[in-house]
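Please look over the sequence and the three-dimensional structure shown below. The paragraphs that follow lead from one pair of side chains to the chain as a whole.

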Amino acid sequence: MTDAEDLADRVLADEVALHELEDHADPETAAAARRAVLAAETAADLDAVGDYAFAAADAEPNVENLVGAAHLPLGVAGPVPVDGGAADGEFYLPMATTEGALVASVNRGMRAIREAGGATARVTKSGMTRAPVFKVPDVAAAQEVVEWVRANEATLREAAESTTSHGELTRIVPYVVGDNVFLRFAYDTKDAMGMNMATIATREAADRVEARTPAELVALSGNLCADKKPAAINAVEGRGRSVTADVHLPASVVDEILKTTPAAMQEGNTRKNFVGSAKAASLGFNAHAANTVAAAFLATGQDAAQVVEGANAITTMDAREDGLYASLSLASLEVGTVGGGTRLPTQSTGLEILGLAGGGDPPGEHADALAEVIAVGALAGELSLGAAFTSRHLSTAHQELGR
């Protein structure tokens, strides 16, 4: 009997808990034992999930109760020329997805952008947020807290930044609701997505607020951040990177590649992405930006749940005398090129395909560039899907590509 089988038997006999296996064996053996437990309990075949490209020990910062890996098909779209504030050149965008036609659609949009000479992209705002909620006796005490915070931002900045060698506290915005005081801290987290960095730094600052004011911390995250939830505050104030990409497509490109006209694209965008989204009270006025964001996130090791904020985007299209102007503005794209899932081998490879693995020089440049390339990729997806709708090719494209 192998060590893994012995451990599995001990779990099945209730002698050892599933989460305690690393206390009794190395990470690889612990993972194998969990697969054996699951196979015995569920009759599932776990051979595929047990075949993975990283050392089990290397996955410990990213997951608990490791059994293996979930494999996703990885495609690539491009190349696409990007004139960005940080991204400059031609880029291939890796996309991990199970949705047939997605990569092909983005690739078609990129071809149109490429034929037009490329897209422009800029990160217009940056700041990872964390918003603790404090309770106070009454609104007079709330005002006291707000006034103290405004008068002592330097003190809070020093406290927050003492926890990190990279992050910088850029602003604190207070909100009062009855006997609740929310403080929305925003940080420049450089090349890290920065959620953990912001959380740790905010805890240090919150301790100062509690010590010097009537405020009592209730929750380090008061949901005004707002993380992994649809939120108007992120649409207005931004979170992570606010990034916009645009392109001018000649009418000939719209005709030859997208098989439609600038006027039809504009009308389709207005009726679908503006009127339809408004009627639905949607926070995202776009066709499917989250599709590209999700595929790029999975391919490059981003926090997949933050696709919620990645859907917070507005697509515009304007038929002009010389063709079509199109843009996509993502208000809250949360990305990083260091930390988190970017350390994993296949995700690190995704960043290497982009030429953006690791920290940038200056710090923050790689994450800015990643945001800009994803924005251009998502814009390409908007162009292609918009054209599919206006030319009535959507269903046939999905049929041909196996969906």
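Which side chain meets that of arginine 34 in a salt bridge? The partner is glutamate 22, with a nitrogen-to-oxygen distance of 2.6 Å. The two residues are 12 apart and link distant parts of the chain, since arginine 34 belongs to helix H2 whereas glutamate 22 sits in the loop between H1 and H2. This is a predicted model, and the contacts described here are to be read as features of that prediction.

Side chains of opposite charge can pair when their charged atoms come close. The count of salt bridges in this model comes to 15.

Other pairs lie within a single helix. In helix H6, which covers residues 195–212, aspartate 207 and arginine 203 are four residues apart, about one turn of the helix. Their side chains meet in a salt bridge of 3.1 Å, from N to O. Aspartate 207 has a relative accessible area of 30% and is partly exposed; arginine 203, at 38%, is also counted as partly exposed.

Helix H9, made of residues 262–279, holds arginine 271 and glutamate 267, again four residues apart and about one turn of the helix. The closest N and O atoms of this salt bridge are 2.9 Å apart. Glutamate 267, with a relative accessible area of 42%, is partly exposed. Salt bridges can also join several residues: Asp227, Arg239, Glu309 and Glu334 are linked in a network.

The surface also carries charge in a patch. Where does negative charge gather on the surface? The patch is formed by Asp3, Glu5, Asp6, Asp9, Asp26 and Glu28. Helix H1, residues 3–12, supplies the largest share of this patch, with four residues. Aspartate 26 comes from the loop between H1 and helix H2, the latter covering residues 27–42. With a relative accessible area of 40%, aspartate 26 is partly exposed.

Val76, Tyr92 and Ile353 make a nonpolar surface patch of about 260 Å². Tyrosine 92 belongs to strand S2, which runs over residues 88–96. At 41% relative accessibility, tyrosine 92 counts as partly exposed.

These details can now be placed in the whole chain. The protein chain has 14 helices and 10 strands. Of its 403 residues, 48% count as buried. The C-alpha trace spans about 70 × 65 × 40 Å along its principal axes. Why can the radius of gyration of the protein chain be said to agree with that of a compact globule? For 403 residues, a compact globule would have a radius of gyration near 22 Å, and the protein chain has 24 Å, which agrees.

Terms used:
Residues are numbered from 1 along each chain as its sequence is written. This is a predicted model: local features need pLDDT of at least 70, side-chain atom pairs count only at pLDDT 80 or more; totals for chains, interfaces and linings use all residues. Side-chain values use heavy atoms; hydrogens and water are left out. Patches are made of residues with over 30% relative accessible area and no salt bridge: like charges are joined within 9 Å, nonpolar side chains (Val, Leu, Ile, Met, Phe, Trp, Tyr) within 5 Å. Accessible areas come from the Shrake-Rupley method with a 1.4 Å probe; for residues, only the protein chains shown count as cover. A salt bridge is a side-chain nitrogen of Lys or Arg within 4 Å of a carboxyl oxygen of Asp or Glu. Lys and Arg count as positive and Asp and Glu as negative; His and the chain ends are not counted. The place of a charge is taken as NZ of Lys, CZ of Arg, CG of Asp or CD of Glu. Buried means under 20% relative accessible area, exposed over 50%, partly exposed in between (1.4 Å probe, protein chains only). The radius of gyration is taken over C-alpha atoms; the globule rule is 2.2 Å times the number of residues to the power 0.38.
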